[in-house]
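Student: I have a model open and want to learn to read its features. Where do we begin?
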Amino acid sequence: MKRIAFLYLVTMAALAGCGDPGPEQEQQSAKGGVNYGGVFRINEEEDFRNLFPLNVYEIVSHRIANQVYEGLILFNQNDLSLTTGVAESWEVNDSTNTYTFHIRKGVMFHDDPCFPEGKGREVTAKDFVYSFTRLCTADPMNAGFWVFRDRVKGANAYYQSTVDGSPLAEGVTGVKAVDDYTLQIELVDTYGGFLNLLTTPYTWVFPKEALEKYGDEMRIKCVGTGPFKVKQVKEGDAVILERNDKYWGKDKHGNALPYLDAVKFTFVKEKKSEFLEFKKQNLDMVFKLPVEMIDEILEDLENAKGNLGYDLQISPAMGTQYYGFLQTDKVFNDIRVRKAFSYAIDRKKIINYTLRGEGIPGNYGFVPPIFDRGTNSAKAYNSEGIRGYEYNPEKAKQLLAEAGYPEGRGFPPVTLQLNSGGARNIQVAEVVQNMLVDNLGINVEMNVMPFAQHLENVESGKARFWRGGWLSDFPEPESFLTLFSSAHVPNSMEEKSLLNTFRYRSARFDSLFNAALHTVDDKERYALYQKADQQVMDDAVVMIIYYEENYRLLQPYVKNFPINPMEYRKLTDVYFDMSADSNKKTAKK
């Protein structure tokens, strides 16, 4: 807490006196003291990859598409509890294997040329049947079948029929439209986390008309039901979303949502430049502080004057930064090599010096420690009970020698692949590179490439050793541990492995993980997840570097935008208050 408070004061002082509170925005008052109007401006360090719901599996695409599309269920942005979305209510049968959802009347798809006269039509249960059928269809555009595979009745059979080229006429038997506003989903077996899966992008609803008209172009041709709709896409430059005037949502005062006129995403690749744009009030928020500017901010503290004019939001994060090993590689299939790499890394030094205190050393399991803070004692995770890899260079050298490479002699050339965008990733990689040289005598080259190419290589098994990061899809350890399920590994190296990019197979892990999936009792389920997590660590599948903490800076006029451990962003309720009184003292921890 002392470190957080100090960083807070340093950052606020450095930003004090940076000019007017923001650009002049036309404001229209509404009930409850909120305002309509304004363009929310945000920058991402990486380009988005794909905005089509069935292909959204990286964070930048999610942050954009989450404003455009919706599913049956949403997250509450404050506490990540489940709340209603396109479904206004739902119930589960006594056997907890059949879910019935009641679709809101009057939810409209965005106006788009794919509809007659360009007018969006009402969403019905049949649209979810269509979207979920596409989810269970073998297609290069579909990365989400795992959500329903082995869980929803008839999902596997229908998927296989599409592989065979003869789709079953009855579709996915476990998904039925009882009537226009009632959807029923029947599971193969009890599965306690099913509602969480219905918050993922793969279960967002989209219209048949759009897919038939645009096909692969749906990566940028978006037709959803969300609070904003796509106005313009200039890849690598900007994405502009505009207000959906026909959105179904209203606030507690009866005001139509959203409040903002538009949202603009830019893609400046350098964190320092992004931060400077924020100081000029050309951006409304910054996510994560630029590590390379911390020293400058410390120096500015001495001369800081004026009121604290910006909000700093801090939250522990459901995020893990790691380096992955390809398990099928002739070098990294030796567990002694993988363990040697993990013992050779001083994670505390990386946090304290390279990252200036942002993050938690990755000495436990793959699931980040935030899950220790469960909603009740029965559900809380015990991260410290998992044996990870503390810094132990002598043990690292011993293991490498046992693998046949004493002091690194004879070790083949190794390339660490990582993505461009984000100075901190490269800075950390350089430190890891030096530690592997100093402690193991291994020379590691770095290959930095655009994010899309990086993912392509990792998924295709072309990268042997790479930098990765995982942010939770939903607040459950399953979201992290599913990356190690052998169910996600294709039978051929010629096929992409989208989730289990390590191509790791373990019968024990699968047994523990699958048992957890079908365990309703929280305490028992979390105990099984912990054992599965320990198995991943015992097998040294990944080299965990650190667990993330989220830091966000907001302009003082930005209201109703709470931070959460998933960095789940929904701009539906965000509004601007440009009045002088509201901006005098808005800085918060």
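Tutor: Begin at a loop. Proline 258 lies in the one between strand E11 (238-243) and strand E12 (262-266). Strands (E, at least two residues) and helices (H or I, at least four) are DSSP runs, numbered from the N terminus. This is a predicted model, where local features need pLDDT of at least 70 and side-chain atom pairs count only at pLDDT 80 or more, while totals for chains, interfaces and linings use all residues. Residues are numbered from 1 along each chain as its sequence is written, and side-chain values use heavy atoms, with hydrogens and water left out.

Student: What joins leucine 257 and proline 258?

Tutor: The general idea is that most peptide bonds are trans, and most residues other than glycine have a negative phi. Here, leucine 257 and proline 258 are joined by a cis peptide bond, with omega about 0 degrees.

Student: Which loop holds threonine 96, and what is its phi?

Tutor: Threonine 96 sits between strand E6 (87-92) and strand E7 (98-103). Its phi is positive, about 50 degrees, although it is not a glycine. Glutamate 567 also has a positive phi, near 50 degrees. That residue is in the loop between strand E20 (558-559) and strand E21 (575-576).

Student: Is glutamate 567 buried or exposed?

Tutor: Learn the cut-offs. Buried means under 20% relative accessible area, exposed means over 50%, and partly exposed is in between (1.4 Å probe, protein chains only). Glutamate 567 has 3% relative accessibility, so it counts as buried. Threonine 96, at 29%, is partly exposed. Of the 589 residues of the chain, 59% count as buried.

Student: How do I read a pair of packed helices?

Tutor: Two packed helices are described by the angle between their axes and the distance between the axes. Axes are lines fitted to C-alpha atoms, for helices over the stretch in contact, and angles run from 0 to 180 degrees between N-to-C directions. Now the case: H15 and H16 pack at about 160 degrees, with axes 8 Å apart. That makes H15 roughly antiparallel to H16. Angles over 145 degrees count as roughly antiparallel, under 35 as roughly parallel, 65 to 115 as roughly perpendicular and the rest as oblique.

Student: How many nonpolar, polar and charged residues has the contact of H15 with H16?

Tutor: There are 10 nonpolar, 1 polar and 3 charged. Nonpolar covers Ala, Val, Leu, Ile, Met, Phe, Trp, Tyr, Cys and Pro; charged covers Asp, Glu, Lys and Arg; the others, Gly among them, are polar. Contact means heavy atoms within 4.5 Å. In H15 (residues 507-517), the buried residues include Phe509, Leu512 and Phe513. The buried residues of H15 pack against H16 and helix H14 (478-481).

Student: Which residues have the most contacts inside the largest nonpolar core?

Tutor: A nonpolar core is a set of buried Ala, Val, Leu, Ile, Met, Phe, Trp, Tyr and Cys residues joined through side-chain atoms within 4.5 Å. The largest has 116 residues, and those with the most contacts inside it include Phe40, Leu72, Phe366 and Phe484. Helix H16 (residues 522-538) gives the most to this core, with 6 residues. Phenylalanine 484 touches Phe366, Phe502 and Val536, among others, not counting residues up to four places away in sequence.

Student: Where is alanine 429?

Tutor: Alanine 429 is in helix H12 (residues 423-440). Its relative accessible area is 0%, so it is buried.
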